[in-house]
Amino acid sequence: MSETMTGAEMVIRALQDQGVEHVFGYPGGAVLPIYDALFHQEKVRHVLVRHEQGAVHAAEGYARASGKPGVVLVTSGPGATNAITGLADAMMDSIPLVCITGQVPTHLIGSDAFQECDTVGITRHCTKHNYLVKSIEDLPRVLHEAFYVAQNGRPGPVVVDLPKDIQFKAGQYARPLSNQHKTYRPTVKGDMDHIRAAIELMANAKRPVFYTGGGVINSGTQASALLRELVQLTGFPITSTLMGLGAYPASDRQWLGMLGMHGTYEANLAMHECDVMINIGARFDDRITGRLDAFSPFSKRIHVDIDPSSINKTVKVDIPIVGDCAHVLEDMVRLWRQGAKQADKGELQEWWNKIEGWRARNCLAYKNSKETIKPQYAVQRLYELTKDRAPYVTTEVGQHQMWAAQYFRFDEPNHWMTSGGHGTMGYGLPAAVGAQLAHPDALVIDIAGEASIQMMLQEMSTALQYNLPIKVFILNNEYMGMVRQWQELLHGGRYSQSYSESLPDFVKLAEAYGGVGIRCDNPAELDAKIMEMINVNRPVIFDCIVDKTENCFPMIPSGKAHNEMLLNDYLGETGTDIGSVIDEKGKMLV
Amino acid sequence: MLQMKTHYPDATRVEPVNRHTLAIVVDNEPGVLARIAGLFSGRGYNIESLTVTETQHEAHISRITIVTTGTHSIIQQIKSQLERLVPVHRVVDLTLTGEAVERELCLVKVVGKGDHRVEAMRLASAFGARTLDATLTSFVYEMTGTTDEVERFIKLMTAVGLVEVSRTGVAAMARGAEGIM
Ligand SMILES: Cc1cc2nc3c(=O)[nH]c(=O)nc-3n(C[C@H](O)[C@H](O)[C@H](O)COP(=O)(O)OP(=O)(O)OC[C@H]3O[C@@H](n4cnc5c(N)ncnc54)[C@H](O)[C@@H]3O)c2cc1C
Ligand SMILES: Cc1ncc(C[n+]2csc(CCOP(=O)(O)OP(=O)(O)O)c2C)c(N)n1
Ligand SMILES: [Mg+2]
């Protein structure tokens with residue numbers, strides 16, 4: 001049954017029909033009709049952010065924490081351009097979003113009208129797809145198609161640019177019987193011959209390793225469950241990228257920790273020495289591979305990915321499997337069971353012995369202190385004191401993000417939200433807002449840096465408005481620590497502009513927003529203060545004053561292979577010139 | 001002494017570069033050409049030639065022919081990246097499907113008198129070009145051929161008074177009974 005309604009009403013109706021509960025947005029002239037349509041209903045709840053970039057990150061956090069697409073509504077011109085960083089972030093990390101932007105009326109497009117910008121032109125490269133809707137007849141289809149495209153295949157952000165005259169125009173709305181795109185059909189079932197070949201290779205492996213990534217999270221909780229089954233059936237070790245944390249429980253013995261530039265010794269050495277690599281939903285990012293010609297030199301590689309362009313992009317693989325992780329994992333588990341497959345027990349045991357040797361190196365150990373809070377210690381305590389509540393953790397970008405990835409341990413998928421590919425400072429606070437809306441009763445923590453937090457700080461106000469008791473836990477080292485670390489490595493310790501000068505008083509700042517501020521600079525008081533933070537049912541900014549010179553280890557300096565990583569005791573003491581430990585040839589390759 | 005400069009790994013692979021002709025079947029919707037051209041510029045791929053026109057009017061489907069160059073892995077990436085675009089139905093590498101027929105049309109204007117004019121007429125007929133316009137001092141020729149033939153024709157015409165060239169770029173099709181829709 002079709003109904004007559006305006007374009008603006010169609011937007012809201014389509015959101016309702018898609019089961020959307022929250023829209024993150026900010027009003028303006030070119031979307032006023034949609035805001036008016038919002039006013040007349042209660043099903044879709046609008047969350048008023050304080051900056052459009054915040055709206056997109058909040059929608060990303062919501063999407064990652066809930067497994068549903070995030071929805072954004074912003075005005076034309078500055079509203080749309082403010083959203084760009086968020087869209088680019090979602091594109092890099094494959095987060096499903098639908099972003100509706102207002103546009104000037106169709107007859108003014110191209111005339112440099114007030115608050116006009118070429119939104120589809122600007123967002124073409126940072127969205128999975130985008131639409132400029134110029135006729136009311138197209139609108140119902142486009143709205144539903146946008147949700148289909150955002151969620152199917154490799155997920156990503158989709159922009160629907162809607163001129164104001166179309167929002168006013170009346171037309172016929174009917175929910176399309178299927179919201180599929182007429183031709184876009186990503187492959188989800190993997191090729192059975194390739195899957196069989198993969199199982200064969202795995203069964204004959206001597207030194208296998210699973211290397212999993214964000215694709216497993218994208219694929220849904222079923223994929224994580226199947227991954228656990230397969231890993232346990234095979235008895236193989238498993239590591240994951242930053243984006244895939246939580247798909248496999250960090251508390252399990254077969255878990256080696258994160259791999260890559262700041263990954264663990266055992267994970268990276270396993271990648272280096274393996275003879276069979278099973279990549280499930282990871283994209284051989286340069287933070288993982290390091291120097292390509294030295295990457296995992298002895299392995300045959302299986303790669304499961306829904307996007308054919310991820311396969312053979314940087315690293316050549318032997319058995320490509322294009323498909324959705326859950327579908328392919330299901331086939332793999334079934335074939336493994338059917339064939340009663342088992343890799344050679346003796347060889348596998350030998351491999352594990354080797355891995356245990358690396359693990360015994362205890363690469364995440366650090367020298368603790370009674371005087372200053374070590375950032376690693378702060379994250380460890382935060383983890384120990386909150387783990388029973390299965391918290392949702394977001395981060396900003398920098399050293400604190402890496403320490404969070406290393407020392408906070410995730411046993412479930414969708415509990416970890418971080419900006420991996422784009423590395424956007426300012427992501428964490430709005431993402432925490434989104435995650436808290438998805439899980440109102442859960443504990444949501446943004447592990448932050450004092451520099452990053454200032455990029456989207458205004459979203460504290462959003463948290464207050466909607467009574468979202470998010471906890472912003474700042475590892476305050478008074479430096480853009482990650483920049484400082486690279487300056488140590490690349491530029492002879494000349495800390496050009498990386499000191500966090502003129503910091504605000506974060507406690508007073510929290511109070512100014514109407515939240516709670518807590519400061520701690522004494523390791524002995526840390527536990528009590530963390531408890532105080534989690535027991536407050538209001539937004540908190542926790543200013544954790546940590547060691548200013550601590551660096552993030554382990555670390556594979558770029559240009560080095562996985563078996564050439566720097567460990568934290570390499571230097572004896574932190575703060576010395578880590579630039580000098582890399583040979584001259586290596587320096588060129590960083 | 002070498003200095004470390006970036007936190008990115010260096011390029012390590014060196015492969016030979018080849019020329020490929022791709023047929024891309026797309027929905028003829030606004031912006032589709034910008035998407036494809038933007039993909040090439042954004043990811044640093046080459047476009048040597050690009051032609052596009054709607055080929056199935058009822059279905060609003062266009063066929064884009066792109067001639068590009070790249071290593072084997074780059075050509076693979078180009079194909080996969082194109083297929084990622086939502087309005088792209090299909091990408092066929094005509095260079096891989098066996099020798100495709102490739103043709104390009106050019107219009108050239110030559111201006112001259114006396115010997116140059118006679119020589120221009122001789123060359124045109126040798127290349128099988130058609131005369132579309134003539135004045136006492138000029139000709140406009142239409143010539144169709146492979147890109148190499150068109151290049152040669154233009155080079156020769158330059159010597160006899162060429163003043164303007166307009167080329168269509170390559171249209172291409174695989175040989176044999178099978179069709180791409
Ligand atoms: C300061 C900093 C340091 C970093 N250091 C590290 C580090 O040490 N280690 C590390 O791991 N990362 C690190 N990163 C993150 C890194 O930049 C990348 O974002 C990350 O490694 C990519 O993870 P991924 O390979 O899992 O890919 P993602 O970006 O999550 O991509 C997922 C892949 O899975 C595919 N996919 C999506 N959905 C599906 C599906 N349903 N089925 C099958 N496949 C699917 C996609 O096509 C894609 O190829 C760092 C980031 C920052 C900012
Ligand atoms: C928007 C943005 N600008 C710049 C950068 C580059 N950058 C990466 S980490 C970092 C410093 C972050 O400092 P802080 O938030 O204090 O975290 P720390 O590394 O000290 O833990 C900077 C500037 C970035 N990732 N994002
Ligand atoms: Mg800092």
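Helix 19 of chain A, residues 481-490, is mostly covered, with 9 of its 10 residues buried. The model is a predicted one. Just after helix 19 of chain A comes A:G492. The phi angle of A:G492 is positive, at about 60 degrees.

Strand 9 of chain A covers residues 208-212. Of its 5 residues, 5 are buried, so the strand is largely enclosed by the rest of the structure. In a regular strand, side chains alternate between the two faces of the sheet. Both faces of strand 9 of chain A are covered. On one side lie A:P208, A:F210 and A:T212, and on the other lie A:V209 and A:Y211; all are buried.

Strand 9 of chain A also has paired neighbours. Strand 12 of chain A, residues 276-280, runs parallel to strand 9 and is joined to it by 5 bridges. Within this pairing, A:Y211 has A:N279 of strand 12 as its bridge partner. Strand 10 of chain A, residues 238-240, pairs with strand 9 in the parallel sense too, over 3 bridges. Here the bridge partner of A:F210 is A:I238.

Chain B was examined as a whole. Its secondary structure consists of 4 helices and 8 strands. Along the sequence these elements follow the pattern β-α-β-β-α-β-β-α-β-β-α-β. The radius of gyration of chain B is 21 Å, whereas the globule rule gives 16 Å for 181 residues. The value for chain B is well over that of the rule, so the chain is more spread out than a compact globule. The C-alpha trace of chain B spans about 65 × 60 × 30 Å along its principal axes.

Of the 181 residues in chain B, 40% are buried. Contacts in chain B between residues at least 6 apart in sequence were also sorted by separation, and 73% of them join residues at least 24 apart. The accessible surface of chain B comes to about 10,000 Å². Carbon and sulfur atoms account for 54% of that surface. Chain B carries 19 positive and 21 negative side chains. The centres of these two sets lie 3 Å apart.

Methods: Residues numbered from 1 in each chain as written. Chains lettered and ligands numbered in written order. Predicted model: local features only at pLDDT ≥ 70, side-chain atom pairs only at ≥ 80, totals over all residues. Heavy atoms only, no water. Helix = DSSP H or I, 4+ residues; strand = E, 2+ residues; numbered from the N terminus. Rg over C-alpha atoms; globule rule 2.2 N^0.38 Å. Buried < 20%, exposed > 50% of the residue type's maximum accessible area, 1.4 Å probe, protein only. Contact = heavy atoms within 4.5 Å. Areas by Shrake-Rupley, 256 points an atom, 1.4 Å probe, with all protein chains shown as cover. Lys, Arg positive; Asp, Glu negative; His and termini not counted. Charge placed at Lys NZ, Arg CZ, Asp CG, Glu CD. Pairing = 2+ DSSP bridges.
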